[in-house]
Amino acid sequence: MSEQHFRTVEGEHLGGFSGGAVPPDGAIECVAPPEGQHIFANGIWVARRVNIAEVRANAIAAMISRIDQFTAQFTSGVPKDEMASWPTKAAGAEVVLGGGDSEIISAEAEILGLDAIAVATNIAAKSAQYSAIIGAVTGVRRAASAEIAAADDQAEVESALDSAMATAVSIAASMGLEF
């Protein structure tokens, strides 16, 4: 049995139906549309106009959402005020590792029952890793955003987004992480 295509009254393609599949009530049988986004109007399939600004905005939103998912593995479960203290803690760790004293490092070390040097060493290592990750993520986002902004059509936007994601996966893998 061959596939039969159906559309709505408004011209939206509902898909091809075969093997006894039943289209929804009110569906109108039609010829199969060409590849891509089309709408049935005046008896023919017409290429749907794509709002490139909307396509760009959706691509950037998708990229930011994926970046947020990725960075959540480092920030989830940490209170926002504690995250806000990370630069202060990194600076304090440098002071302690340089032979000085830091109130924020000493307070944390005391509560944990650890030596301030041990806490500072741990904070410095985490800070360096997080800085490298955020630097890479920011670089990928900015490069992709520029490429997406310069894209003339949906295919170029999708290509820019795919390229950014591939770059992010590669960079993450080089850091021993999964994007």
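Guide: A definition to begin with: rings of Phe, Tyr and Trp count as a pair if their centres lie within 6.5 Å. Bear in mind that this is a predicted model.

Visitor: Fine. Which residues do ring pairs link into a cluster?
Guide: Phe70, Phe74 and Phe179 form a cluster linked by ring pairs.

Visitor: And how many aromatic pairs does a search of the whole structure find?
Guide: Five aromatic pairs turn up. In one of them, Phe40 and Trp45, the ring centres are 5.0 Å apart and the planes stand at 75 degrees. Planes over 60 degrees apart count as edge-to-face, so Phe40 and Trp45 are an edge-to-face pair.

Visitor: Are Phe40 and Trp45 buried or exposed?
Guide: Both Phe40 and Trp45 are buried.

Visitor: Is Phe70 buried or exposed?
Guide: Phe70 counts as buried, with 4% relative accessibility; the cut-off for buried is under 20%.

Visitor: Which residue lies over the face of Phe179?
Guide: Arg66 does, at 4.4 Å from the ring centre.

Visitor: Change of topic. What span should helix α3 have?
Guide: Helix α3 (residues 86-97) has twelve residues and should span 16 Å at 1.5 Å a residue. The C-alpha atoms at its ends are 16 Å apart, so the two values agree.

Visitor: Which residues of α3 are buried?
Guide: Lys89, Ala90, Gly92, Ala93 and Val96. Around the axis they cover an arc of only 165 degrees, so they sit on the same side of α3.

Visitor: What do those buried residues pack against?
Guide: They pack against α2 (80-84), α4 (103-112) and α5 (116-150).

Visitor: And which exposed residues are on the face turned away?
Guide: Pro87 and Glu94 are the exposed residues carried there, on the face of α3 turned away from its buried side.

Visitor: How many salt bridges does the structure hold?
Guide: One. Glu108 pairs with Lys89, and their closest N and O atoms are 2.8 Å apart. Since Glu108 belongs to helix α4 and Lys89 to helix α3, the bridge ties together parts 19 residues apart in sequence.

Visitor: How accessible are Glu108 and Lys89?
Guide: Glu108 is partly exposed, with a relative accessible area of 25%. Lys89 counts as buried at 11% relative accessibility.

Visitor: Where is Asn58?
Guide: Asn58 is in helix α1. Its relative accessible area is 48%, which makes Asn58 partly exposed.

Visitor: Last one: where is Asp25 found?
Guide: Asp25 is in the loop between β2 (13-17) and β3 (28-30). Asp25 is exposed, at 83% relative accessible area. From Asp25 to Ala168, C-alpha to C-alpha, the distance is 45 Å, and the two are 143 residues apart in sequence.

Methods. Residues numbered from 1 in each chain as written. Predicted model: local features only at pLDDT ≥ 70, side-chain atom pairs only at ≥ 80, totals over all residues. Heavy atoms only, no water. Phe/Tyr/Trp six-rings, centres within 6.5 Å; stacked < 30°, edge-to-face > 60°. Buried < 20%, exposed > 50% of the residue type's maximum accessible area, 1.4 Å probe, protein only. Lys NZ or Arg CZ within 6 Å of the ring centre and 35° of its normal. Helix = DSSP H or I, 4+ residues; strand = E, 2+ residues; numbered from the N terminus. Expected span 1.5 Å × (residues − 1). Arc of directions from axis to C-beta. Contact = heavy atoms within 4.5 Å. Salt bridge = Lys/Arg side-chain N within 4 Å of Asp/Glu carboxyl O.
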